[in-house]
Amino acid sequence: MKEVADYMFVCEKGFNRSPVAAKLFLRMAMDNGLEITVGKIGLNIEDSEEGDLDVSRILNGAKLVFTMDKDLVRKATRSPYNVPPERIINLNIPDDYSIYEAAQVRMLEEVLKPKFKPYIDEIQ
C-alpha cells in the first residue's frame with residue numbers, strides 16, 4: 001500500500017510528468033530548508049498498481065494535489081476520488097514530455113519552476 005504524502009502529483013499513468021514534477025518540487029523545498037513528503041500517482045487505473053479506494057485515500061490525505069491538466073482535475077474531483085477542488089492545483093502541463101530524453105526533462109523542469117515557486121514560498 002502506498003503512503004500518503006504532503007503533496008501529490010498526478011498525471012495519467014504516473015510515469016512521465018508527475019515523477020519529474022514531484023522530484024523538482026521536493027528539490028526546491030529541500031533547497032529552501034523545508035522537510036516535506038511528495039508522491040506521484042496516475043489516475044489511469046488500468047495502468048496503475050493502485051485501486052480506486054487506495055488512490056482516493058492517498059489523494060485526500062495530501063495537503064495539495066497538483067494535476068498536470070484540466071481533465072485530471074475533473075477526474076480527481078469526481079467519484080471515486082472526490083478531492084475537494086480547493087486542494088487541487090492544475091499545472092496545465094501537456095503530455096508532451098518524455099523522461100527518457102534529458103532535454104525534455106530539463107524543458108519540463110523549466111516550465112514547472114515558476115509554477116512551483118509560490119507554493120514553496122507559502123510552505124515557508
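## Contacts of Phe9

Leaving aside neighbours within four places in sequence, Phe9 touches Ser18, Ala21, Ala22, Phe25, Val38, Gly39, Lys40, Ile41, Phe66, Met68 and Phe116 (contact means heavy atoms within 4.5 Å). The model is predicted: local features need pLDDT of at least 70, side-chain atom pairs count only at pLDDT 80 or more, and totals for chains, interfaces and linings use all residues. Residues are numbered from 1 along each chain as its sequence is written, and side-chain values use heavy atoms, with hydrogens and water left out.

Strand S1 spans residues 7–11, and five of its five residues are buried (under 20% relative accessible area, 1.4 Å probe, protein chains only). Strands and helices are DSSP runs, numbered from the N terminus: E, at least two residues, for strands; H or I, at least four, for helices. Tyr7, Phe9 and Cys11 lie on one side of S1, Met8 and Val10 on the other.

S1 runs parallel to S2 (residues 38–42), joined by five bridges; pairing takes at least two DSSP bridges. A right-handed β-α-β crossover leads from S1 through helix H1 (residues 17–31) to S2. Right-handed means a clockwise path from first strand over helix to second, with the strands pointing away from the viewer. S1 is also parallel to S3 (residues 64–67), with four bridges. Met8 has Gly39 as its bridge partner in S2 and Val65 in S3.

## The nonpolar core

The largest nonpolar core has 39 residues; Phe9, Leu59, Phe66 and Phe116 touch the most other members. Such a core is a set of buried Ala, Val, Leu, Ile, Met, Phe, Trp, Tyr and Cys residues joined through side-chain atoms within 4.5 Å. H1 gives the largest share, seven residues.

How values were computed. Buried < 20%, exposed > 50% of the residue type's maximum accessible area, 1.4 Å probe, protein only.
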